[in-house]
Amino acid sequence: MIKEGVKKGKREIDTGMTQTQLFFRDEYPKDEVISVAFKNFKHLVKINPYKIFNLLEVTYRARVLEITLYNSYPLISPTTNTLVYNFIAFRLYDKDGDTVPLNSIEEAAKPEIHFENNTDTFIKYENCYFFKDNEKRLVKEEKVATSGEYCVCKIKHFSDFSVGSGDPTEPKKKDDDDFPWKWVIIGACGGALLGVIVVILL
């Protein structure tokens, strides 16, 4: 679908599960930052296409910049509510629609992703993550700032990015780590309740 979009010069592709916007090299001859928004989401991307297309690593090859919002990310199982599942992915393509790798971005060209904080659950996202494809796991990425409305991530390479509260990349704490205090408290509460019931029955 992306190759077709690149060849036909499409600007937007909406599959229902993803929203993709394509930016063509020839349309961005000036050094300026643009804002990229997505339908029904307040997440925002600030990027300078001119600087991206003219990075030494990709210059003369990269012709199309793709930015995709995943409404639900297919590579992460929703096992924790500490992670927002709207991932934003960045890719570069040549004129034939083949991927052009981008492994490092100089400071002046780094895009910023402004992820909206979850005001419904009052969760403030504190960390930025990217999906490391060869290891199939999340890795922390550089964060710029956290405000009341947004968590801002500045990215150093192209991948799939998200934000979270706490650190979902760390192993889940075992119940044994809480021993013995958790069970002492539960036992004490249970014993007190049983004593009250016995007194009432007598």
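Q: Which cysteines form a disulfide here, and how far apart are their sulfur atoms?
A: A disulfide is a pair of cysteine sulfur atoms within 2.5 Å. In this predicted model, Cys128 and Cys153 form one, with 2.0 Å between the sulfur atoms. A search of the whole structure finds 1 disulfide. The angle about the S-S bond is -90°, and the link is left-handed.

Q: What are the ground rules for the model and its numbering?
A: Residues are numbered from 1 along each chain as its sequence is written, and side-chain values use heavy atoms, without hydrogens and water. The model is predicted: local features need pLDDT of at least 70, side-chain atom pairs count only at pLDDT 80 or more, and totals for chains, interfaces and linings use all residues.

Q: Are Cys128 and Cys153 buried or exposed?
A: Buried means under 20% relative accessible area, exposed over 50%, partly exposed in between (1.4 Å probe, protein chains only). Both Cys128 and Cys153 are buried. Cys151 is in no disulfide; its nearest cysteine sulfur, that of Cys128, is 4.2 Å away. Cys151 is buried, at 0% relative accessible area.

Q: How many aromatic pairs does a search of the whole structure find?
A: Rings of Phe, Tyr and Trp (its six-membered ring) pair if their centres lie within 6.5 Å; planes under 30 degrees apart count as stacked, over 60 as edge-to-face and the rest as tilted. The search finds 7 aromatic pairs. One of them, Tyr73 with Phe131, is edge-to-face: 5.9 Å between centres, 70° between planes. Tyr73 and Phe131 are buried.

Q: Which residues do ring pairs link into a cluster?
A: Tyr70, Tyr73, Phe87 and Phe131.
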